[in-house]
Amino acid sequence: MSKLVLQSLTKRFGGLVAVNGVDLEMTEGEILGIIGPNGAGKTTLINLISGIHVPTSGNVFFDGKDISTFPAHERSKMGIARTFQLIHPLENLTALQNVMIGFMFAQGMNQKDAGVAAQKTCESLKLEHVERDVGQLTILETKKMEIAKTLACGPKVLFLDEVMAGLNSDETKDLIETVKRIAQEHNLAIGVVEHVMGVIKMLTARVIVLDAGEIIAQGPYNEVSQKPEVIKAYLGGEA
Amino acid sequence: MSKYIKTIVMAAVAVLAVAFPFYTGAYPQSIAQSVLTYMILAVSWDMLLRTGQISFGIAGFFGIGSYAAVLSMLYLNLPPMLTILIGGIIAGAIAGLLGIAVLRLRGMYFAIVTLAVAEIFRIIMTNLKGFTGGPEGELLPQLIFQGNPYLTYYLMFGMAVLTIIISEIFLRSRVHYALTAIRNDEIVARSSGVNIFKYLVIIFIVTSVIQGMTGGINAQTYGFVTPESSFSLDYTLLPLAMALLGGIYGTMGPVVGALLLGIVSEYLKLYIPYGHLVIYGIIVVIVILYMPQGIVGLAARIRKAGARNE
């Protein structure tokens with residue numbers, strides 16, 4: 001059964017339709033690519049699923065349950081986790097403490113258990129320097145910490161919003177392997193938003209292409225990338 | 001090593017504070033009690049600030065507690081200690097009801113509303129003549145502990161210790177993580193499972209109970225309430241300045257700030273009776289411009305730099 005089901009999900013901001021009638025199903029163990037030009041509605045879609053926005057119409061089902069109006073912290077506890085396009089490490093806390101928050105609040109652990117669990121998660125991601133203040137981490141370490149923060153919430157569905165942005169090619173390879181590994185280890189349904197098509201190609205079995213809030217194509221990356229409507233959405237004009 | 005030093009220093013300060021009334025006169029003692037009062041308010045203000053919310057409503061809850069303590073004694077004839085507790089409970093209950101509405105606001109909007117709320121309660125107390133004594137306020141027939149200044153000092157001291165303990169518990173428990181996450185980024189906090197509204201309401205109630213009880217103790221000590229004195233803007237502005245001077249987001253900062261500014265302002269008051277607030281203002285401006293982390297933050301930076309040089 002599908003873990004996450006979206007039914008004609010729509011979000012309007014005033015006159016702008018950011019997400020328009022999106023139908024989508026995600027199953028465990030699957031990595032789904034979410035691509036589309038800037039302003040296509042990729043991040044808004046994640047915001048609707050994680051509860052940051054309430055949909056104007058349509059529904060979000062998780063484990064068969066309609067969670068369209070659930071607050072974000074409830075969805076986090078149910079197992080919907082996400083990273084943010086603009087990363088927000090929590091300042092005045094160490095990397096480890098950043099990771100502990102999910103264990104404490106999404107999974108309800110006490111402080112001591114959360115510390116142990118966070119340490120383990122960081123080790124599994126090969127994230128060192130966990131005692132450092134977040135300001136002193138490298139970009140790759142920060143990105144790994146952001147992923148560790150989502151794993152700390154005990155996710156079943158995970159969205160990665162441009163986690164590869166700003167990394168060089170070695171670091172990107174490192175993180176691709178990491179994402180593949182956690183998808184298997186935790187049997188996650190992962191949605192990956194990425195502008196680097198090489199990443200999408202290496203990571204995902206299936207992609208959806210959003211344009212102006214609508215899914216204009218879906219299927220394996222190699223097929224989808226050849227479709228004229230996709231090329232048109234990216235390049236504009238008559239393709 | 002430094003842990004030992006810290007413990008010794010804290011023990012010494014505690015002994016000093018407890019012994020204080022025995023080797024000084026009535027005047028230093030009353031200053032000490034006033035410093036303690038502002039210290040409690042400064043620490044409680046900082047506790048809410050740790051969520052990122054700036055309150056200008058300290059005087060409001062302080063005044064509500066003062067009035068609740070005095071009126072419950074006058075009308076219900078309750079024992080003074082109980083009326084102090086009632087001051088806290090009523091301040092907390094009002095904070096809870098208000099918080100459900102007001103804690104949806106952020107930043108400047110929250111700050112302005114808390115200021116307005118304090119003012120509204122002052123006006124209500126001024127106008128409910130038959131019940132609150134109107135602009136003249138109410139006098140108590142007798143003072144708590146028959147006006148024994150030792151005992152009122154110890155009562156306020158006990159309240160300060162309680163406030164510091166609550167503040168430290170919050171800093172060492174999961175509450176600290178929730179509040180720090182909320183202050184940093186509410187969306188990230190929510191996405192990590194933090195029920196931000198619940199934490200905001202809890203902290204708002206706890207700090208208001210502290211402020212209300214402090215108002216109650218103050219009113220019982222001096223035996224009267226008036227709208228002007230009980231809701232005085234001093235109770236909002238001085239604790240705020242003290243916390244900023246000492247350093248925010250911790251217990252030590254507001255405590256140090258209250259000691260310094262409290263004593264300095266009393267001293268200045270003797271020499272420049274009305275001008276002391278000007279100097280007060282200048283200190284605050286300089287601190288905000290040049291030491292944004294306050295004295296405690298500056299000391300920590302110096303310590304770190306020293307450790308690197310070794």
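A residue counts as exposed when its relative accessible area is over 50% and as buried when that value is under 20%, with partly exposed in between. The legends below describe close-up views of a predicted model.

**Figure 1. B:Q146 sits in a loop of chain B.** The loop runs between strand β1 (138-139) and helix α7 (149-172) of chain B. B:Q146 has a relative accessibility of 71%, so it counts as exposed. Its phi is near 50 degrees, a positive value in a residue other than glycine. Most residues other than glycine have a negative phi.

**Figure 2. B:Y249 lies in a loop between two helices of chain B.** The helices on either side are α12 (234-246) and α13 (252-271). Phi of B:Y249 is near 70 degrees, which is again a positive value in a residue that is not glycine.

**Figure 3. Four strands of chain A form an open sheet.** The order of the strands is β2-β1-β4-β5, and the pairing is antiparallel. Which strands are at the edges? They are β2 (16-26) and β5 (65-66) of chain A, each of which pairs on one side only. Strands of a sheet pair through backbone hydrogen bonds, either parallel or antiparallel.

**Figure 4. Strands β1 and β4 of chain A run antiparallel.** Strand β1 covers residues 4-13 and strand β4 covers residues 57-62. How many bridges join β1 to β4? There are 5 bridges between these two strands. A:T10 stands opposite A:S57, a residue of β4(A).

**Figure 5. Helix α1 of chain A lies across strands of chain A.** The helix spans residues 42-50, and the strands it lies across are β1, β2 and β4. Helix α1 runs at about 115 degrees to β1(A).

Figure 6. For A:C122, the nearest cysteine sulfur is that of A:C153, 13 Å away. A disulfide is a covalent bond between the sulfur atoms of two cysteines. A:C122 is buried, with a relative accessible area of 0%. A:C153 is also buried, at 4%.

Notes. Residues are numbered from 1 along each chain as its sequence is written. Chains are lettered from A and ligands numbered from 1 in the order in which they are written. This is a predicted model: local features need pLDDT of at least 70, side-chain atom pairs count only at pLDDT 80 or more; totals for chains, interfaces and linings use all residues. Side-chain values use heavy atoms; hydrogens and water are left out. A disulfide is a pair of cysteine sulfur atoms within 2.5 Å. Buried means under 20% relative accessible area, exposed over 50%, partly exposed in between (1.4 Å probe, protein chains only). Two strands pair if DSSP finds at least two bridges between them. Contact means heavy atoms within 4.5 Å. Axes are lines fitted to C-alpha atoms, for helices over the stretch in contact, and angles run from 0 to 180 degrees between N-to-C directions.
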